[in-house]
Amino acid sequence: MTQNVIEVNGVSKAFGGVQANKDISLTVPDGKITGLIGPNGSGKTTLFNSIVGYHPIDEGSIRFEGREISKLRVQQIARLGLLRTFQQTRIFKNMNCVENMLIAVPHRKMTMLDMFDRANPEEMERAEMLLEFVGLYSKRKLTAGSLSFGQQKLLEFAMALMNEPKVLLLDEPTAGINPTLINGLIDRLKKANSEFGITLLIIEHNMRVIMNMADTIYCLAHGKMLASGTPEDIQNDQRVIDAYLGAH
Ligand SMILES: Nc1ncnc2c1ncn2[C@@H]1O[C@H](COP(=O)(O)OP(=O)(O)O)[C@@H](O)[C@H]1O
Ligand SMILES: [Mg+2]
């Protein structure tokens, strides 16, 4: 039987008068790809932020591998193996790709000089292997700022993999990426799931992408859970069509 690595139960979060999430429940099964969709402002990113401990929640429970994590801070949660990427990339544009990869590992919060003095061969090898995995090996010595936006997203993805997460939350991984590069990215996400065994929870606007990848999809609207089911269920759900898909 598949276990749920993440169990969100009755989570609510308000910002002043804005109820960004209201009584949200969802589960993320181990080893699967789960999708999260919904119109802009429906509360998707807020839910990610709540799960990874970026802000406290007002109500509800969030469990990771059965353990309550809703009172833990970001770093504590990251150490358990639950990581996220951002809607906007968070890379160091003046550093090259390899340097970005090395600095992505939390214990490496030191100066650049220290970093290369102590350049650990296993970490370096892993950095290069993952850059190869995302197709950036030939660009490993270029500054991250000189990469295209799509390549920066791939770098950010590789940086997250550097931490060997059990679960990775991806916030609109294909947004702003050239359509011709999207298939390559989908392939890598699927491989990270099937070959590295990383469970994925993905916020995605591109319906072709998410319908093609996810085992289960949840749809938010106005901060509430509107529907959930297989991609086929979701595509045929009249509430989802009215609130979201109709506009796509
Ligand atoms: N830090 C914040 N402060 C105030 N309001 C916020 C904050 N973050 C999100 N919101 C509000 O919460 C609602 C949900 O936003 P968000 O979770 O970013 O939606 P989505 O990712 O689905 O587009 C929006 O109305 C947004 O303006
Ligand atoms: Mg968002």
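Mentor: Helices (H or I, at least four residues) and strands (E, at least two) are DSSP runs, numbered from the N terminus, and two strands pair if DSSP finds at least two bridges between them. By these criteria four strands form an open sheet in the order S2-S1-S4-S5, with antiparallel pairing. Its edge strands are S2 (18–29) and S5 (67–68), each of which pairs on one side only. This is a predicted model, in which local features need pLDDT of at least 70 and side-chain atom pairs count only at pLDDT 80 or more, whereas totals for chains, interfaces and linings use all residues. Residues are numbered from 1 along each chain as its sequence is written, chains are lettered from A and ligands numbered from 1 in the order in which they are written, and side-chain values use heavy atoms, with hydrogens and water left out.

Trainee: What makes strand S4 and S5 a pair?

Mentor: Two bridges join strand S4 (residues 59–64) to S5, and the strands run antiparallel; the definition asks for at least two bridges, so they count as paired. Arg 63, for its part, has Glu 68 in S5 as its bridge partner.

Trainee: How do you know which strands are the edges of the six-stranded sheet?

Mentor: The order of this open sheet is S6-S7-S8-S3-S9-S10, with mixed pairing, and its edge strands are S6 (82–84) and S10, each pairing on one side only. The twist averages 15° from one strand to the next. Within the sheet, S3 (residues 33–37) and S8 (residues 199–203) pair in the parallel sense over four bridges, with Thr 34 standing opposite Leu 201 in S8.

Trainee: How do you know that helix H1 packs on the sheet, and what is its direction relative to S8?

Mentor: Contact requires heavy atoms within 4.5 Å, and H1 (residues 44–51) touches S3, S6, strand S7 (167–171), S8 and S9, its direction making about 145° with that of S8. Helix H6 (residues 149–162) packs on the sheet as well, touching S6 and S7, at about 160° to the direction of S7. Such angles run from 0 to 180 degrees between N-to-C directions, along axes that are lines fitted to C-alpha atoms, for helices over the stretch in contact.

Trainee: What makes H1 a mostly covered helix?

Mentor: Seven of its eight residues are buried, among them Leu 47, Phe 48 and Ile 51.

Trainee: Why are the buried residues of helix H5 said to share a side?

Mentor: In H5 the buried residues are Glu 123, Ala 127, Leu 130, Leu 131 and Phe 133. They cover an arc of only 150° around the axis, which puts them on the same side of H5; the arc is that of the directions from the helix axis to the C-beta atoms. The face turned away from this side carries the exposed residues Pro 121, Glu 122 and Glu 125, while the buried residues pack against helix H3 (97–103), H6 and helix H7 (179–194).

Trainee: What makes Phe 133 and Phe 196 an aromatic pair, and of which kind?

Mentor: Rings of Phe, Tyr and Trp (its six-membered ring) pair if their centres lie within 6.5 Å, and planes under 30 degrees apart count as stacked, over 60 as edge-to-face and the rest as tilted. A search of the whole structure finds one aromatic pair. Phe 133 and Phe 196 have 4.9 Å centre to centre and 45° between the planes, and the pair is thus tilted. It links distant parts of the chain, with Phe 133 in helix H5 and Phe 196 in the loop between H7 and S8, 63 residues apart. Phe 133 is buried, because its relative accessible area is 14%, whereas Phe 196, at 35%, is partly exposed.

Note on methods. Buried means under 20% relative accessible area, exposed over 50%, partly exposed in between (1.4 Å probe, protein chains only).
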